[in-house]
Amino acid sequence: MDAVMKRVGRGLVLLSAVILVLKGFGPTERSVAALGQQAGNADDPWNRFEWQGAGRCSSTACHNKGGAPGTKRSEYTTWLTSDKHATAYQTLSTDRSKIIERNLNSPGADWHSVRPETDNLCLKCHAAKTNQALRAKVPLEDGVSCENCHGPAEKWLADHTQPGFHDRAPAAKLELGMVDLTAGNLAGRIRVCVDCHVGNGPHGMEVNHDLIAAGHPRLNFEFSVFMTNYPKHWVEEQDEARAWSLGQLVTAKAALQLVEYRADPRNQRPWPEYAEYDCFACHHDLVEPSWRQQRGYTNRRPGELPWGTWYFAQTEQLAAGLGTHLNALRREMARPAPDRAAVKREAEALATQLQNAAAGAGSAKLAPPALRATLTRIEKDFQARNFPNWDAAAQLYLRFAALNHALNNLEGSEDVQFQSALKAMGEDLAFPKSYDSPRDFQPKPRSK
Amino acid sequence: MPASFYRKMLCLAVLAGAAMVASSWSARSRVGAAQKDSGDKGPRPLYYGVENCSSCHTQPPPTVKNDPDNLCRCTEYPIWLDNDKHRQAYSVLKGTRATRMGELLGYKVQEAKQCIGCHGVYIADPKLKEESIKLGFTLEEGVSCVACHGAFEDWVDRHGGVRKRQWREYTREKKEKEFGMTDLWDPAKRTALCASCHVGNAAEGKVVTHDMYAAGHPPLPSFEVATFSDEMPRHWEYIKEKKPAVQKLLKFDPADAEWERTKLVVVSGIVNLRETMATLALESEQAAKAGDANRQGMDLAHFDCYACHHDLKSPSWRQQRGFPGKPGRPQIQAWPTVLVRLGLKQLGKDKAGFDAELKKVHDAFDAQPFGDPKAIGIAARAMVQWSNQMIQQLENSKSDQAAAYRLLRELCALSKEELLDYDSARQVIWAFENIYSELKPKPVGDLDAKIKEQFAALDKLLKLRLPSGPKHKILEELPQALERINSYEAKNFQQHMEELAKLLPRE
């Protein structure tokens with residue numbers, strides 16, 4: 001008996017040692033934090049649970065039926081065949097990506113030899129948006145796959161196939177790591193998109209000016225048009241007008257959180273961050289005569305940097321009372337050395353205002369007469385060149401596109417005049433061949 | 001006529017004569033007093049108008065036309081009046097462009113120090129200003145004689161009056177220190193003076209800031225003093241151009257072949273660097289200790305304009321080429337550094353030392369967006385010191401035909417080693433043209449013609465000729481000038497320089 005007890009005792013000790021050792025090597029909250037990430041909280045399933053990889057969704061019996069794109073049970077098929085997200089990782093093997101990597105991290109090196117596909121900064125958006133430990137099972141070649149939006153499947157992969165799972169409350173599903181992307185939680189869906197398409201500082205997902213100068217395209221996210229053009233692997237009734245308002249608010253809020261992150265000296269980001277400003281305020285050939293000098297400079301000294309021209313072009317139209325904090329931010333960021341504490345303070349205040357506005361946004365569906373009135377007004381504004389810069393004009397155009405699409409859906413046909421106005425605006429805004437900037441674009445007409 | 005009438009006339013004449021003699025006596029004693037003053041406290045500041053110069057400097061006095069008594073041409077005033085853009089410098093402040101700039105900037109451009117400092121003559125002391133104006137000074141004369149030759153009355157009286165032969169015996173230092181005549185013979189001093197406006201001088205409040213550019217001030221081109229002087233047109237002569245009798249007076253031996261122009265190009269190459277760095281040092285030091293957030297960053301004018309101001313091309317040659325440090329951080333302008341190689345070549349030094357000093361400046365700019373002002377200040381001050389040492393050594397160096405060819409080959413070599421931007425390219429070819437023009441004999445056969453062809457082709461590429469004089473308007477030529485800058489391809493310039501290199505004789 002003693003001998004058996006001794007063996008059991010030794011076995012238990014050995015077992016506990018093994019368990020303890022395994023726990024030490026596994027992804028604990030502390031080790032996740034040590035890797036430089038926030039320990040995942042309830043709102044951040046991507047850093048709480050283990051990712052499984054898109055292969056786990058791709059059985060023909062489940063989501064890979066092989067049917068027409070957008071049909072039920074063919075979500076994986078649709079994603080694989082039509083969705084650019086699926087090739088996001090392959091992009092990292094291109095010459096351009098290599099040049100970016102060389103410029104950013106290995107100046108002077110031969111760009112043929114660098115490997116952006118191993119750079120965590122790239123992988124966060126071009127593959128799985130989590131740390132190495134949690135994505136250990138995921139083939140990076142998946143690119144931006146199911147779990148990037150739906151949440152890591154560790155705890156719900158088995159459960160969600162069971163009857164009754166569908167009817168569980170979103171909060172309960174989130175506890176297991178499944179994110180609510182339904183139309184009823186549109187703001188939540190947009191927040192998922194903006195992690196990559198705008199940025200998420202604490203998660204190291206940031207396209208800043210260093211990266212853009214190295215060769216990365218600029219981020220120009222506008223939710224409703226991105227969503228309209230997205231090859232959906234689900235079916236839903238479109239409401240572009242609502243998508244537009246909510247998209248603007250949630251996107252702007254993400255941009256504010258990013259500037260707060262950059263302003264915080266503990267995060268050691270370049271400051272001031274050039275990507276916060278209107279790209280083309282600087283990036284234009286000097287020409288004579290200069291429409292900028294003719295137009296003048298509103299609310300800033302000549303040559304000061306205009307901040308937030310993309311994300312905040314339309315913001316003041318969406319809710320009352322945003323001007324105070326928005327203008328304070330514009331003023332502060334225009335200084336050669338913006339005060340970090342002031343920027344954080346104003347950005348936080350404005351973000352709260354946007355959050356409140358989003359809570360009440362777009363609950364009533366816009367009917368055709370309201371849509372037409374707005375579309376007509378935008379068309380007039382555009383013709384009158386009633387915008388200070390290209391960013392503002394482009395945001396106006398995208399709003400027009402969203403509302404025009406909404407009108408077409410409601411009326412079941414295209415309005416010829418609006419359609420041709422849309423085409424004209426697009427041509428006006430397009431960059432000339434081999435340019436990445438609006439070389440010949442002039443907001444205000446030339447003064448006599 | 002009664003005798004009493006003639007008696008009265010005689011008395012009047014005597015009285016008038018006595019009065020004239022008395023007044024001239026007292027005038028002389030005033031001058032004497034001034035001269036005594038100058039001996040005690042240094043020269044007396046005075047901003048004089050051109051009328052004080054034009055009486056003698058319009059044409060050589062008839063009695064001394066063939067007498068080499070005068071070192072100068074004595075035609076400087078009409079040359080400046082009729083041909084020199086400096087004459088119009090103040091009047092442009094009244095034009096449409098300047099008016100619009102005033103609206104956008106919110107101050108009166110015709111009165112502001114930051115405008116008049118370069119577009120006229122700024123007088124800080126209100127009493128001195130009042131006195132000067134009473135004695136004929138006016139801003140309307142633009143950048144006139146007093147702006148460059150020294151705003152002191154002592155030398156004006158001395159240099160051309162009864163003591164002019166005595167004046168000629170004085171050293172240039174004495175003329176400057178005791179009497180206030182700026183030593184413009186010295187290539188370093190001349191360049192520094194010109195550069196104070198054409199490059200900038202923060203200590204004198206002469207900086208074209210970025211808000212001025214954004215409001216409409218044309219971009220300042222790169223500055224090569226020999227070229228700019230020729231195109232002024234210069235109202236003075238190189239020693240080689242002077243009459244033989246004047247050359248004899250100046251103890252100049254033509255057989256000695258003093259390479260005055262080449263020396264000017266080489267020395268000014270370093271002076272441009274020093275002046276740029278001195279302004280950078282002062283401005284960055286002020287930014288580093290500024291309390292007000294508006295003054296804490298470097299003014300954007302201190303960065304290379306075209307680092308930011310270019311339309312984005314795809315593919316981008318900057319991205320293909322890569323970046324020496326962090327991508328996308330604007331650096332200082334490159335052109336003030338490009339002709340430093342000539343000075344190094346002249347003194348037989350290699351460029352490792354200079355490259356190391358320059359790297360410190362570049363690293364300071366790279367450290368954070370818009371540079372780390374404290375680090376920039378330290379690096380720029382070190383550059384000023386380095387430049388001063390070089391200038392001192394260069395002043396004592398001499399050139400000859402072989403040395404000139406070495407300098408030309410150095411210009412070709414540096415064009416081959418790196419892709420130069422537009423402004424740097426202009427500096428290189430301006431330097432080349434100037435040094436080449438002093439060569440005697442020129443390359444044999446048709447090489448000279450071929451070289452001139454390359455100059456013409458480069459003129460098309462770089463718009464080398466300046467909008468000088470009253471006829472060429474800067475604003476009218478600006479669209480074309482900017483178009484050249486925007487369409488400039490560094491590889492094109494490199495190819496032309498390779499052709500030039502082939503046309504130079506082998507050592």
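This is a predicted model: local features need pLDDT of at least 70, side-chain atom pairs count only at pLDDT 80 or more; totals for chains, interfaces and linings use all residues.
Colleague: What makes B:Arg329 and A:Asp210 a salt bridge?

Modeller: The distance does. Their side chains meet at 3.0 Å, N to O. The cut-off is a Lys or Arg side-chain nitrogen within 4 Å of an Asp or Glu carboxyl oxygen, so the pair of B:Arg329 and A:Asp210 qualifies.

Colleague: How many salt bridges does the rule find across the interface of chain B and chain A?

Modeller: Four. There are also 23 residue pairs in polar contact between the chains, counting pairs with both residues at pLDDT 80 or more.

Colleague: Which helices of chain B supply at least two residues each to the side that touches chain A?

Modeller: H4 (96-105), H12 (210-215), H16 (305-308), H17 (317-321) and H25 (474-486) of chain B. The residues on that side divide into 22 nonpolar, 14 polar and eight charged.

Colleague: How many residues are in contact between chain B and chain A?

Modeller: 44 residues of chain B are in contact with 41 of chain A. The area buried between the chains is about 3800 Å², and carbon and sulfur atoms give 52% of that. In chain B, the residues that lose the most area to chain A are B:Asp311, B:Leu312 and B:Gln319, together 17% of what that side buries.

Colleague: Now the rings. How many aromatic pairs are there over all chains?

Modeller: The count is 27. One of them joins A:Phe280 and A:Phe431.

Colleague: Why is the pair of A:Phe280 and A:Phe431 called edge-to-face?

Modeller: Two values settle that. The centres are 5.8 Å apart, and the limit for a pair is 6.5 Å. The planes stand at 75°. Edge-to-face needs over 60 degrees, so the label holds for A:Phe280 and A:Phe431.

Colleague: Why does that pair tie together parts apart in sequence?

Modeller: A:Phe280 lies in helix H12 (residues 279-282) of chain A, and A:Phe431 in the segment after helix H18 (416-429) of chain A, so the parts are 151 residues apart in sequence.

Colleague: Why is the pair of A:Trp390 and A:Phe431 called tilted?

Modeller: Their centres are 5.1 Å apart and their planes at 35°. Stacked needs under 30 degrees and edge-to-face over 60. A:Trp390 sits in helix H17 (residues 390-411) of chain A, 41 residues from A:Phe431.

Colleague: Which residues do ring pairs link into a cluster with A:Tyr274?

Modeller: B:Phe303, B:Phe365 and B:Phe370.

Colleague: Why is A:Asp264 called buried?

Modeller: The relative accessible area of A:Asp264 is 8%. A:Asp264 lies in the loop between helix H11 (240-263) and H12 of chain A.

Colleague: Which residues does A:Asp264 touch, not counting those up to four places away in sequence?

Modeller: A:Arg340 and A:Lys344. A:Asp264 and A:Arg340 are 76 residues apart in sequence, yet 6.6 Å apart in space, C-alpha to C-alpha.

Colleague: How many helices and strands are in chain A?

Modeller: 18 helices and zero strands. Of its 448 residues, 48% count as buried.

How values were computed. Residues are numbered from 1 along each chain as its sequence is written. Chains are lettered from A and ligands numbered from 1 in the order in which they are written. Side-chain values use heavy atoms; hydrogens and water are left out. Contact means heavy atoms within 4.5 Å. Buried area is the accessible area (1.4 Å probe) that two parts lose on being put together, summed over both. A polar contact is a pair of N or O atoms within 3.5 Å; within protein, one must be able to donate a hydrogen and the other to accept it, and residues adjacent in sequence count only if both atoms are side-chain atoms. Helices (H or I, at least four residues) and strands (E, at least two) are DSSP runs, numbered from the N terminus. Ala, Val, Leu, Ile, Met, Phe, Trp, Tyr, Cys and Pro count as nonpolar, Asp, Glu, Lys and Arg as charged, and the others, Gly among them, as polar. Rings of Phe, Tyr and Trp (its six-membered ring) pair if their centres lie within 6.5 Å; planes under 30 degrees apart count as stacked, over 60 as edge-to-face and the rest as tilted. Buried means under 20% relative accessible area, exposed over 50%, partly exposed in between (1.4 Å probe, protein chains only).
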